[in-house]
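Hi everyone, thanks for coming. I'd like to walk you through one model today, so please have it up on your screens.

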Amino acid sequence: IMAGGLMGSSGIAARLVNIAMALVGRFRGGLGGATVVATAIFGAIAGLCSAAVAAIGSIMIPRMEAEGYPRGHATGLVTVSSFLAQLIPPSVPMILYAWVSRLSVGACFLSTVGPGILSMLIYVILNWWMCRKIPTIKVYPKVGLWQQTREVGQSIFKGTFSLMGALIIMVGIYGGFTTPTEAATLAVIYTVFVGFVIYKTLTWRELGRTLFTTATTSGVVIMMTFFVIMLSRIYTMLNVPQRLIKTMMGISEDYYVILAMVNVFLIIIGMLMDDFSGTLLSAPLLLPLIRHIGVNPYHFAAIMGTNLGLGNVTPPCAPILYLGGRMANCPFDKMIWPATVFMIFGSLPVIIITTYWPGLSLFLPRLIMGIE
């Protein structure tokens, strides 16, 4: 949480945006595509939807509007694609899920990589399709392959220290050198050094604000965890999971129907609460049912991540959607239509594919971690 906040205020997020712009910025709708790619890259650092909205949205929404994008479209794109930060590891909700379910943190991280990459590609294509009908969007002239390669190389060179932050976390965790907490600690130290010494964009006031936000957010998570552990014990004592299994099996014993009901339940949970609370509440309640019908718990990690991510931007509660609207000062009626298009044609297909194609989420855990 602290690393994500500091990287958003130290200039690292802005340089990640420039890299994404160099890659896809010269295509029609390229700025929107760059926003999606930058959000995915930032997700490899922050692991939080709210951090992605705050860091990427504050940079890209004004920039997209200046390039002819309607504010509603820009806000809807940023808010919906922000849930990539929950899928591209490391993800804070996946750490909580692994802790509650006593599973491997690394394998839970890897289970959401496939759905995350698929979501990113679909959002980029959807944005391009929608931008065809927006005449105000500026399109930069195409350049030759050499010039394009040169621009990408320059942006990567200037953003080297930004990319190093993601590499520290990823290599530390997957290389077995650090735990997720130790990797985050190294990322915080590195970010403070880069922000103060190299980029010189981080201020003591911003550092203090980030520390305060981190403390309050972490305190909320700890309190939620404490009470959710109590709640899960009460669930067990009252046989609530067993009753849930009996109820759902009474409706239908079909594997696919039960998974559909689980998806609906998770989306509703995501609509009513944030990803932290939804993860801590859903994992102990649904895991017995999931195991009963033969679903791999790491597959369920991806199912839960995609569903709760969609729930966070789905009205009536939609905490991330309203956060993006408030940050961009965008009226709800202006952003709800483009956001709905991204949700229906982007997020929903990914949920269905993730749910009914276990290989998408289990390929990497099996390949790298040896998970059965």
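**Starting from helix 5**

Let's begin with helix 5, residues 71-81, which is mostly covered: 10 of its 11 residues are buried. Buried here means under 20% relative accessible area, exposed means over 50%, and partly exposed is in between, with a 1.4 Å probe and protein chains only. When I say helix, I mean a DSSP run of H or I with at least four residues, while a strand is a run of E with at least two, and the numbering goes from the N terminus.

A quick word on where this comes from: it's a predicted model, so local features need pLDDT of at least 70 and side-chain atom pairs count only at pLDDT 80 or more, while totals for chains, interfaces and linings use all residues. Residues are numbered from 1 along each chain as its sequence is written, and side-chain values use heavy atoms, with hydrogens and water left out.

Back to helix 5. Its buried residues include G72, H73, A74 and T75. What covers the buried residues of that helix? The cover includes helix 3 (30-43), helix 4 (49-66), helix 6 (84-87), helix 9 (113-131), helix 18 (319-328) and helix 19 (332-356).

**Zooming out**

Now the chain as a whole. It has 20 helices and zero strands. The radius of gyration is 20 Å, close to the 21 Å that the globule rule gives for 372 residues, so the chain is as compact as a globular protein of that length. That radius is taken over C-alpha atoms, and the rule is 2.2 Å times the number of residues to the power 0.38. Along the principal axes, the C-alpha atoms fill a box of roughly 60 × 45 × 40 Å.

Of the 372 residues, 54% count as buried. If you take contacts (heavy atoms within 4.5 Å) with a separation of 6 or more, 80% of them are between residues 24 or more positions apart.

**Two buried residues**

Have a look at T191 in helix 12. At 0% relative accessibility, T191 counts as buried. Leaving aside neighbours within four places in sequence, T191 is in contact with L6, M7, S10 and I12.

S282 sits in helix 16, residues 275-292. S282 is buried too, at 0% relative accessibility. Again leaving aside neighbours within four places, S282 is in contact with L266, I269, L287 and M304.

**Two loop residues**

Which loop holds K200? K200 is in the one between helix 12 (180-198) and helix 13 (204-237). K200 has a positive phi of about 55° although it is not a glycine, and at 65% relative accessibility it counts as exposed.

N329 lies in the loop between helix 18 and helix 19. N329 also isn't a glycine, yet has a positive phi of about 55°. Its relative accessible area is 60%, so N329 is exposed.

**Rings to finish**

Last topic: aromatics. Rings of Phe, Tyr and Trp (its six-membered ring) pair if their centres lie within 6.5 Å; planes under 30 degrees apart count as stacked, over 60 as edge-to-face and the rest as tilted. Searching the whole structure finds eight aromatic pairs. One of them is Y255 with Y256, which is edge-to-face at 5.2 Å centre to centre, with 90° between the planes. Y255 counts as partly exposed, at 27% relative accessibility. And F83, Y123 and F342 form one aromatic cluster.
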